[in-house]
Amino acid sequence: MTDLPMPRLRTPAPTSGALVDTFGRVARDLRVSLTDRCNLRCTYCMPEAGMPWLPKSTLLTDDELVRVIAVFVGLGVDQVRFTGGEPLLRPGLVGIVERVAALSPRPRIALTTTAVGLSRIAPALKAAGVDRVNISLDTIDRDEFRALTRRDRLPAVEDGLSAARDAGLTPVKVNAVAMRGINDRSLPDLLAWCVARGYELRFIEQMPLDADHAWTAEALVSREEILERLGSRFTLTALPASSRGSAPAELFLVDGGPSTVGVIASVSAPFCADCDRVRLTADGQVRNCLFSEVESDLRTPLREGASDAELAAVIRGEMWRKLSGHHIGADDFHQPDRSMSAIGG
Ligand code: SAM
């Protein structure tokens, strides 16, 4: 993957129309990190201790966030996903969701969460306008959960999942990262558990975005291995690619259906060519890719009184320099300075 095409930057970014890059991809899916703090410490994401938190003064306020999201919606973004860190730790979350749901056109609103604390707030989030949640759960074995997240919070996650379902935040999707030597052997147990409860499970290959920089290609539990392990217990039938729309998960019927399981091969079969994502960090930086080594500052112009058109120009410029794909595994790959928790997964 060393010879990826470079952006064609000789022409300036467009000043109107959709939020495009030089490869013709259009960004419609905005991932907004509401905080870099989290209530778990997953080994593939955060260090056990000593994470340098973003200074509070750099975090966008609720008003600033909603204003920037409105600018993105004006640029054609039609889905806003709140993430982090842990979005449930953001004190103003419900109010932010209400204000984003009041934008016109109204974007679809989703949340990616650990689900710790979700049981208390799920109905309020639904009432405020959250359409869907993705809950991160890598194992239903309590010891594995503790080893992976460094917290003994599996019961709280289970409560959060059922609260999401009861509140109508459906379909409830579960995201799982497979980690060698921790949960790789219990992947079929997690699938059986999700199928029994009607949760849609998707496995994601672990990406080099951990704060400890411990990722290695050799330790990767690949799409192929995930399917092999699931195949030892279930009959998986691949669904046609058209059934997944712009979503990156390859979908399989489990034992003839109707339940499905997804696999997102972010590393071994990247979906960069179809990427429609753009990211806003909690401290107001726009990123065109998880693996980008650069970002564009929106916070400074925002606080210096920039107009919506000026903010839009910064966003368009950031998208215009988006590379064709990530270089994971190549000699020139450089892991971004920010870990997943500080970017917004
Ligand atoms: N705290 C929330 C949560 O856990 O869902 C939202 C933020 S978390 C960074 C978002 C997602 O990123 C989670 O599903 C997590 O599993 C995933 N993630 C974090 N680090 C990852 C990595 N190195 N590779 C793949 N996925 C990762």
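**Sheet, strand and helix in a predicted model**

User: Which residue in β8 stands opposite Leu236?

Analyst: This is a predicted model, where local features need pLDDT of at least 70, side-chain atom pairs count only at pLDDT 80 or more, and totals for chains, interfaces and linings use all residues. Numbering starts from 1 along each chain as its sequence is written, and side-chain values use heavy atoms, with hydrogens and water left out. Strands (DSSP runs of E, at least two residues, numbered from the N terminus) pair if DSSP finds at least two bridges between them; β7 and β8 (residues 250-254) have three, in the antiparallel sense. In β8, the residue opposite Leu236 is Val254.

User: Which strands stand at the edges of the sheet?

Analyst: Twelve strands form an open sheet of mixed pairing, in the order β7-β8-β9-β6-β5-β4-β3-β2-β1-β10-β11-β12. Each edge strand has a single partner, so one of its sides lacks a neighbour in the sheet. The edge strands are β7 (236-238) and β12 (296-297).

User: Is Arg277 buried or exposed?

Analyst: Arg277 belongs to strand β10, and its C-alpha atom is separated by 6.3 Å from that of Arg28, 249 residues apart along the chain. A residue is buried under 20% relative accessible area, exposed over 50% and partly exposed in between (1.4 Å probe, protein chains only). Because its relative accessibility is 18%, Arg277 is buried.

User: How far apart are the end C-alpha atoms of α9?

Analyst: Helices are DSSP runs of H or I, at least four residues. The expected span is 1.5 Å times one less than the number of residues, so the 13 residues of α9 (308-320) should span 18 Å. In agreement, the end C-alpha atoms are separated by 18 Å.
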